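Below are some notes on the pocket, the ligand and the aromatic pairs. Please read them alongside the model.

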Amino acid sequence: MAIVEPVIRPPAESDSFLLQVTLGCSANSCSFCGAYKNKTFRIKDQKEILADIHGYARRHSDARRVFLMDGDALVLSNSKLIPILEKLEQVFPRLSRVSSYANGCNITQKSDQELTELYDHKLSLIYLGLESGSQDILERCGKSSGVEEMIEAVQRAAKAHIKASVIVLLGLGGRKYSAEHVAGTIEALNRMQPRYLSFLSLMVIPGTPLAEEVRNGDFKELNSLELLKESYEIIKGFDLTKTIFRSDHASNYLALEGAFPKDKMALLNILESAIGGEIRLKPESLRGL
Ligand code: SF4
């Protein structure tokens with residue numbers, strides 16, 4: 001079966017076999033997200049999924065990485081996921097990693113044993129959109145996963161050796177709740193201690209409920225300088241012991257990368273220079289999602 005667009009995947013999965021096991025996102029409730037607004041959620045038929053795997057394997061039997069799509073493929077029960085993972089292991093002898101986006105509840109609804117079973121079948125990385133560590137902000141934007149649930153998800157995944165790549169959305173609190181966004185995000189990340197972390201910057205997508213809030217004046221977006229300051233304050237509060245950090249997403253005005261704790265001061269110095277106008281920011285026209 002042909003892939004049903006739109007397809008959204010993390011930058012790090014550009015060379016992976018993109019295997020669609022669901023269409024859309026099972027939550028599809030976030031006010032800022034336009035990703036799957038025109039896609040009705042459904043789990044693909046198991047036969048279709050297995051046929052897609054065979055179809056790809058005929059052309060690329062040496063595939064090493066597989067990314068399960070769409071928005072939260074781990075909503076599938078293990079009774080559906082394990083046969084898919086077994087088939088991947090069978091047809092791709094060099095398979096080294098299977099990954100997927102995950103909502104918090106996708107992980108917390110599985111037992112420790114089920115998570116270990118996934119890891120034993122090479123599912124070793126999840127991408128989890130925390131967006132903000134402030135529960136109030138998450139509720140305001142309609143995110144179905146809560147902060148505590150997502151912290152538990154990352155911690156329980158780590159216990160099963162599944163690494164988490166956590167995504168923070170700068171600017172999600174707007175001007176009014178920027179301080180809450182910073183404080184909550186620092187606390188959540190310090191408790192999560194994710195292996196990977198990335199920052200994206202909020203871009204208001206036409207047609208979303210957030211765009212309506214902006215039009216009504218209920219939500220005031222941060223400008224580039226305010227986003228840099230938010231980024232600075234969040235990083236300043238981090239007490240991360242082993243996290244690889246990237247903020248090279250197209251939505252960001254400034255690309256950063258480093259590892260915590262070693263590069264914390266260097267990252268803050270770069271941000272200070274950018275805030276002081278010493279580093280040229282990405283022009284608005286080059287930003288994207
Ligand atoms: S959970 Fe993720 S994919 Fe689903 S609506 Fe929210 S931001 Fe979009």
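1. A pocket here is an open set of grid points with protein on both sides within 12 Å along at least five of seven lines. The model is predicted. In this model the largest pocket holds about 1,300 Å³ of space. Its lining consists of 49 residues, and I8, Y101, I167, L200 and H249 are the closest to the centre.

2. Strands 5 (97-101), 6 (123-131), 7 (163-170), 8 (196-201) and 9 (243-246) are the elements that each give two or more residues to the lining of the largest pocket. Strand 8 has the largest share, with 6 residues. By class, the lining has 28 nonpolar, 14 polar and 7 charged residues.

3. The ligand sits in the largest pocket. Around the ligand are C25, N28, S29, C30, F32, C33, Y36 and N103. This shell contains 5 nonpolar and 3 polar residues, and no charged ones.

4. The count of aromatic pairs is 10. One of them joins F67 and Y101: the ring centres are 5.3 Å apart and the planes lie at 85°, so the pair is edge-to-face. F67 belongs to strand 4 (residues 65-69) and Y101 to strand 5, so that distant parts of the chain, 34 residues apart, are linked. Both F67 and Y101 are buried.

5. F238 and F260 also form an edge-to-face pair, at 5.4 Å centre to centre and 85° between the planes. F238 is in the loop between helix 9 (224-237) and strand 9, while F260 is in strand 10 (residues 257-260), 22 residues apart. F238 and F260 are buried.

Terms used. Residues are numbered from 1 along each chain as its sequence is written. This is a predicted model: local features need pLDDT of at least 70, side-chain atom pairs count only at pLDDT 80 or more; totals for chains, interfaces and linings use all residues. Side-chain values use heavy atoms; hydrogens and water are left out. On a 1 Å grid over the protein atoms alone, a cavity is a set of points where a 1.4 Å probe fits but cannot get out, and a pocket is an open set with protein on both sides within 12 Å along at least five of seven lines; lining residues have an atom within 4 Å of a point. Grid points are joined across faces, edges and corners, and a volume is the space filled by probe spheres set on the points. Helices (H or I, at least four residues) and strands (E, at least two) are DSSP runs, numbered from the N terminus. Ala, Val, Leu, Ile, Met, Phe, Trp, Tyr, Cys and Pro count as nonpolar, Asp, Glu, Lys and Arg as charged, and the others, Gly among them, as polar. A residue is near a molecule or strand if one of its heavy atoms lies within 4 Å of it. A molecule sits in a cavity or pocket if more than half of its atoms lie within 2 Å of its grid points. Rings of Phe, Tyr and Trp (its six-membered ring) pair if their centres lie within 6.5 Å; planes under 30 degrees apart count as stacked, over 60 as edge-to-face and the rest as tilted. Buried means under 20% relative accessible area, exposed over 50%, partly exposed in between (1.4 Å probe, protein chains only).
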